[in-house]
Amino acid sequence: MNAARMPACVVLLAVCALSAAAPWLAPAGYAKQFREAPGSPPSRQHLLGTDEIGRDRFARVLYGTRISLLLAPAAALISTLLAALVGGLAGYLGGIWLRLATGFTDLFLSLPWLFLLITVRAVLPLNVSPVFSVLITFLILGLLGWAASARVLATSAQSLRSSDFIVQARASGLYGFRLFLVHVLPNLKPVLYAQFWISIPVFILSEANLGILGLGVAEPLPSWGSLLRELEGLVSFREEPWRLVPLLLLIIVMTSFQMFLSKEEVAA
């Protein structure tokens with residue numbers, strides 16, 4: 001691991017460890033209201049103060065980080081599997097299947113992805129339980145974020161069609177979907193891994209955009225999107241700099257992902 005990726009990996013692991021330890025670091029939880037101290041500044045009891053209704057900001061940052069960092073990989077896994085199924089299989093079959101998949105993927109990519117995501121989320125019910133809203137948000141991200149990866153996988157799978165081991169497998173009597181599962185898909189693993197890791201920061205930012213617009217994770221569950229939305233009422237950064245912690249944490253995590261996903265990782 002090179003010098004740039006090592007500190008990025010350490011930072012990501014530290015953020016994940018802190019979010020995983022949220023029940024111990026913030027035992028009061030993200031929803032408890034300290035009604036005697038709404039909007040209070042940082043103190044020994046509340047390290048980042050409290051919000052307008054008295055909830056501990058430090059606890060909400062930890063739990064919001066946990067939701068984003070745990071469920072963004074789940075959405076990336078869904079999109080990568082869809083990309084492998086659509087793009088990889090179309091590239092392996094070739095012919096009309098590849099042309100159809102390429103045309104559909106190009107059409108999907110030509111649409112404004114963020115507006116499509118907002119439209120799909122907006123037509124769904126908003127008065128759902130917080131847990132269900134989390135599942136809806138990241139399921140939509142996974143189902144709509146496969147097209148770019150599918151295009152890459154289709155090209156990679158197409159290059160494998162005429163390779164020596166595929167010709168040998170066909171000569172041995174292996175055809176169809178079994179050939180794709182046994183020989184083609186395992187050789188696409190490096191590309192699949194790269195697309196999976198690239199998708200995670202994209203989905204984190206997409207959830208943040210939805211949360212800022214009020215279409216993400218429902219209250220009282222926190223997420224980076226809902227935490228960033230609270231900055232709309234910030235009067236002065238100088239008077240309340242602790243409220244910028246969610247934004248700074250998001251910038252740190254995105255920068256760490258950018259450093260972690262070096263050229264060698266993407267090329268794989």
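Reader: What do the side chains of R57 and E52 form?
Author: A salt bridge, at 3.9 Å from N to O. Keep in mind that this is a predicted model.

Reader: Is R57 buried or exposed?
Author: Buried. R57 has 10% relative accessibility, and the cut-off for buried is under 20%.

Reader: And E52, buried or exposed?
Author: Exposed. Its relative accessibility is 53%.

Reader: Which other residue does R57 form a salt bridge with?
Author: E230. The closest N and O atoms are 3.0 Å apart. This pair links distant parts of the chain. R57 is in helix 3, and E230 is in the loop between helix 11 and helix 12 (245-260). They are 173 residues apart.

Reader: Why does E230 count as buried?
Author: Because its relative accessible area is 17%, and buried means under 20%.

Reader: Which residues are linked in a network with R57?
Author: E52, E230, E240 and R243. Together with R57 they are linked by salt bridges.

Reader: Switching to R55. What does R55 pair with?
Author: E219, in a salt bridge with the closest N and O atoms 3.0 Å apart.

Reader: How accessible are R55 and E219?
Author: R55 is buried, at 9% relative accessibility. E219 is partly exposed, at 43%.

Reader: Last one. How many salt bridges does the structure hold?
Author: Eight. Among them are R57 with E52, R57 with E230 and R55 with E219.

Technical notes: Residues are numbered from 1 along each chain as its sequence is written. This is a predicted model: local features need pLDDT of at least 70, side-chain atom pairs count only at pLDDT 80 or more; totals for chains, interfaces and linings use all residues. Side-chain values use heavy atoms; hydrogens and water are left out. A salt bridge is a side-chain nitrogen of Lys or Arg within 4 Å of a carboxyl oxygen of Asp or Glu. Buried means under 20% relative accessible area, exposed over 50%, partly exposed in between (1.4 Å probe, protein chains only). Helices (H or I, at least four residues) and strands (E, at least two) are DSSP runs, numbered from the N terminus.
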